[in-house]
Amino acid sequence: MFGSFAEANCERQVFESTEWASRMEDRVAALLKRKTASPVSIPELAAIVAWMMDNKDEINILDFGGGMGADCLEVMATLPGARGRLQFHIVETMVVAKRARELVRDISALSFYETLPELERVDLIHAGSVLHYVENWREVLRRFVKYQPA
């Protein structure tokens, strides 16, 4: 256990690397080529979204550290009636966000940001396996609360 983030002496730039972005790009490219839905890698996210779809016509999801949208694509492919009802706002590093915008530019349900965006409404916040890499995680959580997800 470390007393501070700096003591961990980790290589944070790995998430800005082209190698990291290439790995995510390969996953999204494979998903885009599939003709049928694949098993969802985060079934909890799909289950929550499915439940929310029973109560809302449109769902805005903030996906903090969501890569190039692979999990979002899986959810949309798995849930009947999801297309056109889900909007994913994905926050990622500059390298990943830039490449993702190019790769999935034809999918209007995915929007990419390099910082937490100003959004009118957020229904769900997903931050899977990411906060422990964020030095100012307390501030990120404070900003999440300001969204007041439903």
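Two strands are said to pair if DSSP finds at least two bridges between them, and the helices (H or I, at least four residues) and strands (E, at least two) named below are DSSP runs, numbered from the N terminus. This is a predicted model, in which local features need pLDDT of at least 70 and side-chain atom pairs count only at pLDDT 80 or more, while totals for chains, interfaces and linings use all residues. Residues are numbered from 1 along each chain as its sequence is written, and side-chain values use heavy atoms, with hydrogens and water left out.

Of its 150 residues, 39% count as buried, where buried means under 20% relative accessible area, exposed over 50%, and partly exposed in between (1.4 Å probe, protein chains only).

Next, select strand β2, residues 86–91, where 6 of the 6 residues are buried. In a regular strand the side chains alternate between the two faces of the sheet. Here Leu86, Phe88 and Ile90 point one way from β2, whereas Gln87, His89 and Val91 point the other way, and all are buried.

To get from β1 to β2 the chain passes through helix α3, residues 70–78, in a β-α-β crossover that is right-handed, a term meaning that, with the strands pointing away from the viewer, the path from the first strand over the helix to the second runs clockwise.

Then show strand β3, residues 110–113, which pairs with β2 in the parallel sense over 4 bridges, with Ile90 standing opposite Phe112 of β3. The chain crosses from β2 to β3 through helix α4, residues 94–103, and this β-α-β crossover is right-handed.

Finally, return to helix α3 and select Asp71, which lies in that helix. Is Asp71 buried or exposed? Asp71 counts as buried because its relative accessible area is 14%, which is under the 20% limit. Its side chain makes a polar contact with the side chain of Arg27 (2.9 Å) and another with the side chain of Ser41 (2.9 Å); a polar contact is a pair of N or O atoms within 3.5 Å, and within protein one must be able to donate a hydrogen and the other to accept it, while residues adjacent in sequence count only if both atoms are side-chain atoms.
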